[in-house]
Amino acid sequence: MSAIVVHGIGALCTCDPLRGEAPGVVRDAALVARDGIIVYAGPEAGLDRSDIPRRALEVHARGAAVMPGFVDAHTHIVWLGDRGDEYAHRASGATDEEIAAGGGGIRATVRATAAGTVEDLAAAGREKALRMLANGTTTVEVKSGYGLEHDAEMRQLDAADQLRRWRDLPDVVATYLPLHATPDGPRDAYLDDVCTRGVDGAAGRATFVDAYCEAGAYSVVECERLFTAAAAHRLRPKIHAEQRSHSGGALLAAQVGAVSADHLEHATNTDLEALSKAGVVGVILPGASLVLGGPPPPGRRLLDAGCTVAVATDCNPGTCYSESMPLMVALAVALGGLTPAQALVAATAGGAAALGLADRGILRAGMRCDAVILRAPSWIDVGYHLGGDIVGSVILEGRLAVPSKA
Ligand SMILES: [Zn+2]
């Protein structure tokens, strides 16, 4: 049996809608967990000493704010290779076409990643996952998508499974993303393979299936074909939609009952209303929006349409190399029009919703005890203190995974 109690919490930011106005703050609070599950989250004055398990690890927050661990619901962290030069070339004025002609872009990542062993891929993913944990992330979604060939895609999913088994990392949810870049060989043959061997192989390895619905990538018809094949294997759809142009992916997400539609910068209000009606979570990726330019992430517009919103890093080697959810909270406010409270909920409870996980993202008795002790008395500092190294300690499933830095 393991147990932990956090005393002296100045502001317990529960992100619990049952606690009233977001983000559901309880002052002068305590948090108690047994075997990874929260048994008490409320006012310290209401905590009976007999409720604290014997031999519990006692942690004192010294008046700091405590919040749920971040749930990063959209990442591509299992990659090999380095595209720093490409980043510099783009900043010097090179176009995507010039970079692609020079062998760069997503194809450079596919070349490096597809050749990797499961061990290589897991080691590369581990580095990023450790940085995520240090930044307060306790659950991370990990996509394949840099294989573009059956065995290489399966190796990426097996690496994600290895990450999930390492108990010193954030919990991992795997997503099969076979329709990402376009294949070198015949397109139809690749789609046939993905819709037969691919979904069959992914069924035991991944929770979700995903596709990049975009001009120059995959059409609505191709994405729908994948989702239909995947449904027979109980792989729920997610989709990269309306990122660089209006592709029709958002309406497809509503039609097939996707768990989430991600990016959405070019989505119309009609698209967002359809997502809301269908109960599809809108995932904004403000780091990628910042790097690529173009329309802002539609955080405010999604909320106005009645959608649940999640914010995630999109951590990837091309358009957003960041493991930092606190930075994404800041960008969701600065670019996406969310209030600090809405952004914090989107990065925790919203992320959990985007992964179909009802057991985390909120600090409440009965939920997984994933929590962050901040290095500040106010949760507002998560977005306000830009790049401020705000995360002190991290509690992962009731264990002190990152001790205090302060
Ligand atoms: Zn992505």
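This briefing describes the domains, pockets, cavity and several individual residues of one protein structure.

The structure is a predicted model, in which local features need pLDDT of at least 70 and side-chain atom pairs count only at pLDDT 80 or more, while totals for chains, interfaces and linings use all residues. Residues are numbered from 1 along each chain as its sequence is written, and side-chain values use heavy atoms, with hydrogens and water left out. The protein chain is divided into domain 1 (3–68 + 361–402) and domain 2 (71–354), with bounds that come from an automatic or database domain assignment.

**Domains**

- The centres of domain 1 and domain 2, taken over C-alpha atoms, are separated by 29 Å.
- Between the two domains, 24 residues of domain 1 are in contact with 23 residues of domain 2, where contact means heavy atoms within 4.5 Å.

**Pockets**

- Pockets and cavities are found on a 1 Å grid over the protein atoms alone: a cavity is a set of points where a 1.4 Å probe fits but cannot get out, a pocket is an open set with protein on both sides within 12 Å along at least five of seven lines, and lining residues have an atom within 4 Å of a point.
- The largest pocket holds about 780 Å³ of space, a volume being the space filled by probe spheres set on the points, which are joined across faces, edges and corners.
- The largest pocket is lined by 31 residues, of which Arg-83, Gly-105, Ile-106, Tyr-212 and Arg-244 are the closest to its centre.
- Helix 1 (84–91), helix 2 (96–101) and helix 3 (106–114) are the elements that give two or more residues to the lining of the largest pocket, and helix 2 provides the largest share, four residues; helices (H or I, at least four residues) and strands (E, at least two) are DSSP runs, numbered from the N terminus.
- The lining of the largest pocket divides into nine nonpolar, 13 polar and nine charged residues, where Ala, Val, Leu, Ile, Met, Phe, Trp, Tyr, Cys and Pro count as nonpolar, Asp, Glu, Lys and Arg as charged, and the others, Gly among them, as polar.
- The second largest pocket has a volume of about 440 Å³, and of the 26 residues that line it, Trp-79, Asn-316, Pro-317, Cys-320 and Tyr-321 lie nearest its centre.
- At least two residues of the lining of the second largest pocket come from each of helix 1, helix 4 (118–134), helix 10 (286–292) and helix 12, and the lining comprises twelve nonpolar, seven polar and seven charged residues.

**Cavity**

- The count comes to one cavity of 30 Å³ or more, and the largest cavity contains about 40 Å³ of space.
- The lining of the largest cavity consists of Glu-149, His-150, Glu-153, Tyr-176, Tyr-190, Asp-193, Val-194 and Gly-198, and helix 6 (187–203) gives the most to this lining, with four residues.

- Asn-316, found in the loop between strand 13 (309–311) and helix 12, is buried at a relative accessible area of 6%; buried means under 20% relative accessible area, exposed over 50%, and partly exposed in between (1.4 Å probe, protein chains only).
- The side chain of Asn-316 reaches the backbone oxygen of Asp-314 at 2.7 Å, and a polar atom of the Asn-316 side chain also lies 2.7 Å from the backbone nitrogen of Gly-318; a polar contact is a pair of N or O atoms within 3.5 Å, and within protein one must be able to donate a hydrogen and the other to accept it, with residues adjacent in sequence counting only if both atoms are side-chain atoms.
- Leaving aside its neighbours within four places in sequence, Asn-316 is in contact with His-76, Trp-79, Tyr-146 and Tyr-321.
- Asp-314 has a positive phi of about 60 degrees although it is not a glycine, and at 2% relative accessibility this residue counts as buried.

**Helix 12**

- Helix 12 (residues 325–334) is mostly covered, with seven of its ten residues buried, among them Met-325, Met-328 and Leu-331.
- At the start of helix 12, a side-chain oxygen of Ser-324 comes to within 3.1 Å of the backbone nitrogen of Leu-327.

**Backbone features elsewhere**

- Most residues other than glycine have a negative phi, and most peptide bonds are trans.
- Ala-22 and Pro-23 are joined by a cis peptide bond, with omega about 0 degrees, and Pro-23 is placed in the loop between strand 1 (3–13) and strand 2 (25–34).
- Glu-242, which is not a glycine, has a positive phi near 55 degrees, and its relative accessibility of 0% makes it count as buried.
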